[in-house]
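Hi everyone, thanks for coming.

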Amino acid sequence: MKPINSNVKHLLSFTTDISDCTLPSAFTFPYYYTPHPLAAMAMTELQNYLETQAEWSYDFAQRGMMFGVLVVKNAAGDIGYLSSFCDDVIQADCNQAYPTFFVDAVVEAVVDVNTSKTQDLDGQLTSLELDISKQRSSANYLQLKQHLQEQRLESERQIAAQQQRNSEAKAERKQQRLDMESQLGQSIDDAGLQSFIQALGVQSSHEKRAFKALKQQWQSQLADIEEQYQHEQCKIARMETQHKELQALLKIQQQKSVQFLNRKGVKKSLFDLSSQSSQSDDQQPITQSSGQNLPKLLQAAFLQNLTPLALGEFWWGAAPYDQIRQHKNLYPVCQSKCFEVLQHMLEGIAIDPSPLEQTPSFDKSLDIVYEDDVLVVVNKPAEFLSVSGKYISDSVQARMQARYPHATGPMIVHRLDMSTSGLLVLTLSGEANKHVQKQFIDRRVEKRYTALLEGKILRETGVITLPLRGDLADRPRQMVCHEEGRAAETTYRVIDVTDNRTKIHLFPKTGRTHQLRVHCAHQAGLNIPIVGDDLYGFKDTRLHLHAGYLKFQHPSTGEVMEFEVCEDF
């Protein structure tokens, strides 16, 4: 990799001829984009380097990482690019020995305005952790803890033994009374029997008083030991509370120390940006931003008065088990981790229009497959929302509400992904909606999808059971999680193989978000993405996934309804 100028860190020159390339008119919209030709060339050059380099010993076959390029222009008008890599899990290992032309993994992304405060707090935490450890391992604390445990066990043993003796004595007195009552009028008279019973009662009262005294004795004895132990525990608790407070202060100080520039030279810290964001409890903290590619690359550019022109990111190497990443595939910036930071850093820079706010369905028709007074079945085209979204109002639900203005209830019974085509059921009354929806919930609806896969699969039929949950750090992606994921099951059957692509039928037993897409693409599933899957595979003209068959019971008549619409791929 060849630097443009030794005085500008990390700035690489293109080895490819870029003289015919027109410069971008606006910077790349980071969250969904087709890379500008200059960014595509830069990524190709970096990938060629990664394929042939020998200076980096990292094993990408074990686990890959995301790489980014930022095409920039310097003051002299020279065009070049910066590059970086990002991996949240193994960042520290990578930092030990990586090629120097990469933007530094963390350092370039931050300007630490007060390291002394951070170091001081870090030192206090280390010292306090040592004190807590010493207190927990002190002879006095350990002896008290052991003595208390032993005395508790001994108290339980003695009290249980006394209970057993009292129980046996009670049974013996009962038998004695029965024996004596059987002798009434023979060897003992009524007065003698009453005197005997009274003696048994005195014995019982004595045993109860003795048992109560034993419990009180142990209660008092244990209370003394517990008081001493709790005194030592309180010392540790106070130190742990102080430790938590120091951790909170350190986190704030670290966030204040990590500051990001924008083109105007304005700095904002992570603390400021975190305070501005209205994050809900299930969102990931934006403190991860400093390790992401685009914030690092922009920071390096602004520090050296370089003008950002275009962005590109790609995955290189093996995917982690829980997520789906394709080798060499292009990816957008993770909005969950970077939005607030990039909102500041890109301030004042012209950016391409957001494709996410465009309406791809405006010129598409919605075919009615079946309709009556309570039920409608439509054939939804690909790139058509089931329900209106944040930016796009056009949807199946919106069009059906316009077509049936007197309909009641929510109408939508189930949903298809925006990119998935096929059969969608709507109802025109609340009662019908509940009836059909319950069939979906009870899994009494028969569903069949058709998908076209990017390659060949080994088995003709099979069942995939990979539990899924949302990737909170990278929405809307889903991830495989055997600990916290929800059960998901898909049966598949191969229909045809042509030109190294496989057409299959998919029968989902459950209806998790992106279930079919993940089950096809994941390494423990079919390990082949659906053609055109821009989340888990590679972009194409469309997602080749079609909901082609539905079978359910009519909500009013009880008649079994079957619908089938063939895919157009």
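I'll talk about salt bridges, then one arginine, then a surface patch.

Quick housekeeping: this is a predicted model, where local features need pLDDT of at least 70, side-chain atom pairs count only at pLDDT 80 or more, and totals for chains, interfaces and linings use all residues. Residues are numbered from 1 along each chain as its sequence is written, and side-chain values use heavy atoms, with hydrogens and water left out.

Okay, salt bridges. By that I mean a side-chain nitrogen of Lys or Arg within 4 Å of a carboxyl oxygen of Asp or Glu. How many does a search of the whole structure find? It finds 22.

One of them pairs arginine 517 with aspartate 417, with the closest N and O atoms 3.4 Å apart. Arginine 517 sits in helix H11 and aspartate 417 in the loop between helix H9 and strand S9, so this pair ties together parts 100 residues apart in sequence.

Is arginine 517 buried or exposed? It's buried, at 4% relative accessibility, while aspartate 417 is partly exposed at 24%. The cut-offs, with a 1.4 Å probe and protein chains only: buried is under 20% relative accessible area, exposed is over 50%, and partly exposed is in between.

Next, lysine 503 and glutamate 567 form a salt bridge, their closest N and O atoms being 3.2 Å apart. That links distant parts of the chain, 64 residues apart: lysine 503 is in strand S15, and glutamate 567 is in the segment after strand S17. Lysine 503 counts as buried at 18%; glutamate 567, at 24%, is partly exposed.

Now for arginine 448, over in strand S10. This residue is buried too, at 16%. Its side chain makes a polar contact with the side chain of glutamate 564, at 2.8 Å. A polar contact is a pair of N or O atoms within 3.5 Å; within protein, one must be able to donate a hydrogen and the other to accept it, and residues adjacent in sequence count only if both atoms are side-chain atoms.

Last stop, the surface. Which residues make the nonpolar patch of about 280 Å²? They're Tyr32, Leu356 and Tyr391. Patch residues have over 30% relative accessible area and no salt bridge, with like charges joined within 9 Å and nonpolar side chains (Val, Leu, Ile, Met, Phe, Trp, Tyr) within 5 Å. Leucine 356 is in the loop between helix H8 and strand S7, and is partly exposed at 36%.

Methods
Areas by Shrake-Rupley, 256 points an atom, 1.4 Å probe, with all protein chains shown as cover. Helix = DSSP H or I, 4+ residues; strand = E, 2+ residues; numbered from the N terminus.
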